[in-house]
Amino acid sequence: MSSNSSRSDLVDKREFKGLIYFSTSYRILEQNNPAALYFHEAFKSFWRSGFHPSIGKYIPFSRPTEILSLSLCHAHVDAGAYSGRSKTSTKECWDSWATGIGWIRPTSDSFISYAVNSNRDVYVISYLDDKAHDLSERAEFTDHAISEAYKFYAETKTTPLPLDQHHTLFDDCWLKDKK
């Protein structure tokens with residue numbers, strides 16, 4: 001790739017495998033929350049192509065311990081609330097990312113939580129729009145996310161994608177076959 005190319009030049013040419021499901025609670029939330037509805041579409045684009053300007057760093061949850069075995073993750077979203085706590089949570093970082101020029105994945109205190117199965121199917125569980133990191137530490141959140149993940153794996157008759165394979169989510173091994 002030339003130094004003048006951007007990440008968005010690659011995105012148009014790539015489409016990844018994996019079905020996308022949304023929980024009932026997410027669908028209810030988006031009926032009254034325009035941001036949740038927007039991030040529904042943004043996440044679908046991100047999951048299919050590997051990039052959306054409003055979706056930044058994605059990472060598995062690290063606690064409680066049970067979450068580690070369930071491939072429960074969160075993707076930071078640009079909800080417009082920027083912080084100076086780190087250079088990755090600034091408006092400048094998000095703007096650079098959105099242009100396709102910036103390569104540092106931005107962070108925020110708003111995110112979408114989801115579970116990923118061994119087929120790279122994804123189940124979007126929730127959208128937390130402010131103080132997401134604090135809210136996600138509460139038992140109410142973790143209990144709901146864990147319950148939803150178990151339901152997803154049972155209904156799809158699949159297993160969680162092992163955490164040591166998460167770094168491959170947007171690698172060529174998951175590209176859809178061209179017909």
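This is a walk through a predicted model, from its sheet to the helices around it and then to its aromatic rings.

Five strands make up an open sheet, ordered 1-5-4-3-2, and their pairing is mixed. Strand 1 (20-22) and strand 2 (55-60) are the edge strands; each has a single partner strand, so one side of each has no neighbour in the sheet. If you follow the sheet across, the twist averages 30 degrees from one strand to the next. As a reminder, strands of a sheet pair through backbone hydrogen bonds, either parallel or antiparallel. Strand 2 and strand 3 (residues 72-77) are an antiparallel case, joined by 4 bridges. To find one of them in your viewer, look at Ile59, whose bridge partner in strand 3 is His74.

Is His76 buried or exposed? With a relative accessible area of 4%, under the 20% cut-off, His76 is buried. Which residues is His76 in contact with, leaving aside its neighbours within four places in sequence? The list takes in Ser54, Ile55, Gly56, Lys57, Ile59, Trp94, Pro106, Thr107, Ser108, Ser110, Phe111 and His133.

Back to helix 3, this time for its contact with another helix. The axes of helix 2 (residues 24-32) and helix 3 (residues 34-49) come within 5 Å and cross at roughly 125 degrees. That angle makes helix 2 oblique to helix 3. On the helix 2 side the contact is made by Tyr26, Arg27, Leu29, Glu30 and Asn32, and on the helix 3 side by Pro34, Ala36, Leu37, Phe39 and His40. Sorted by class, this contact of helix 2 with helix 3 has 6 nonpolar, 2 polar and 2 charged residues.

The last stop is the aromatic rings, where the count comes to 19 aromatic pairs. One of them is the pair of Phe43 and Trp47, which is stacked, with 5.8 Å centre to centre and 15 degrees between the planes. Phe43 and Trp47 are 4 residues apart in helix 3, so about one helical turn separates them. Phe43 counts as buried at 0% relative accessibility, and Trp47 is buried with a relative accessible area of 1%.

Another pair has its rings set edge-to-face: the centres of Tyr58 and Phe170 are 5.3 Å apart, and their planes lie at 70 degrees, which is over the 60-degree cut-off. This pair links distant parts of the chain, because Tyr58 is in strand 2 and Phe170 is in the segment after helix 7 (139-156), 112 residues apart. Tyr58 is partly exposed, with a relative accessible area of 22%, whereas Phe170 counts as buried at 11% relative accessibility.

Ring pairs link Phe16, Phe43, Phe46, Trp47, Tyr58, Tyr114 and Phe170 into a cluster.

Technical notes: Residues numbered from 1 in each chain as written. Predicted model: local features only at pLDDT ≥ 70, side-chain atom pairs only at ≥ 80, totals over all residues. Heavy atoms only, no water. Axes fitted to C-alpha atoms, helices over the stretch in contact; angles between N-to-C directions. Helix = DSSP H or I, 4+ residues; strand = E, 2+ residues; numbered from the N terminus. Parallel < 35°, antiparallel > 145°, perpendicular 65-115°, else oblique. Contact = heavy atoms within 4.5 Å. Nonpolar A, V, L, I, M, F, W, Y, C, P; charged D, E, K, R; others polar. Pairing = 2+ DSSP bridges. Buried < 20%, exposed > 50% of the residue type's maximum accessible area, 1.4 Å probe, protein only. Phe/Tyr/Trp six-rings, centres within 6.5 Å; stacked < 30°, edge-to-face > 60°.
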